Amino acid sequence: MKYYYSFIFLFVFNSIVFGQSDEIPVQKEDSIVDSKYREDQFYLGITYNALVRKPSNGAQSGFSSGLHLGFMRDFPINQRRNVAFAVGLGGSMNSFNSNILVYQDERSQIGFLNLDTENISYSKNRFNLYLIELPIEFRWRTSTATESKFWRIYPGFKIGYQFANLAKHKGGYGDFRLKNIDNINDLQYAVTLSAGYSVWNFHACFGLNPIFKEGTLVGNENLDMYSVKLGLMFYIL
């Protein structure tokens, strides 16, 4: 009988030992799979576009909007992969409604004036900017390889190349459109911040240089306006 109990003891002992050793490769295999995940590869943003440092009596009218979309390459820098840098490529379409008119005179020269100061009525007056952008972000998040809802804080910097622009007016000066205005800076620089939880993320973009080139005048004042964009950013894997 003692041989019987000895056999049972050895069988149970061996089962426990080999059962525990069999679990180790599974854990290692899971860690290998988890060690390669990345976050937030695509982005889509919607913003309200404000103009700051407007000239005297300068004002915005209506709703000025922005649409931003692109792809980011995520480069985690720690073992947990919740701290990373990201570099991307995207596009941006921005409208600015204001009382600053962009017009072309009889000599085909571009000029600027304040419609309210000149007492000129209008129903539409805006300019649009179309940019190719290179965003760079430093990323901190509470994500894991299996968690799709997490907190994130992404400060960053953005360089935009203005490849097209369009001014539209409908009012006292008639109904016209002007394309590719030379007075707009081709390169636009900005600092950015995206922060939030899961789908909903606040986004801010603060321009670092003026929209218009140095020497662009409205009356006797420099048109030294900057853009500030506030809205929502959506990230997609």
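**Exercises on core, surface and salt bridges**

Of the 21 residues in the largest nonpolar core, those that touch the most other members are Phe112, Phe127, Ile211, Phe212 and Leu223. Such a core is a set of buried Ala, Val, Leu, Ile, Met, Phe, Trp, Tyr and Cys residues joined through side-chain atoms within 4.5 Å. The model is predicted: local features need pLDDT of at least 70, side-chain atom pairs count only at pLDDT 80 or more, and totals for chains, interfaces and linings use all residues. Residues are numbered from 1 along each chain as its sequence is written, and side-chain values use heavy atoms, with hydrogens and water left out.

**Exercise 1.** Classify tyrosine 197 as buried, partly exposed or exposed.

*Solution.* Step 1: buried means under 20% relative accessible area, exposed over 50%, and partly exposed in between (1.4 Å probe, protein chains only). Step 2: tyrosine 197 lies in strand β9. Step 3: its relative accessibility is 36%, so tyrosine 197 counts as partly exposed.

**Exercise 2.** Trace the salt bridges of aspartate 74 with arginine 139 and with arginine 141.

*Solution.* Step 1: a salt bridge is a side-chain nitrogen of Lys or Arg within 4 Å of a carboxyl oxygen of Asp or Glu. The structure holds six salt bridges. Step 2: aspartate 74 pairs with arginine 139, the closest N and O atoms being 2.8 Å apart. Aspartate 74 lies in strand β2 (residues 65-76) and arginine 139 in strand β6, so this pair ties together parts that are 65 residues apart in sequence. Step 3: in the bridge between arginine 141 and aspartate 74, the closest N and O atoms are 2.9 Å apart. This pair, too, links distant parts of the chain, 67 residues apart. Step 4: salt bridges that share partners join Asp74, Glu137, Arg139 and Arg141 into one network. Step 5: aspartate 74 is buried, with a relative accessible area of 0%, and arginine 139 is buried with a relative accessible area of 0%. Arginine 141 is buried as well.

Notes:
Helix = DSSP H or I, 4+ residues; strand = E, 2+ residues; numbered from the N terminus.
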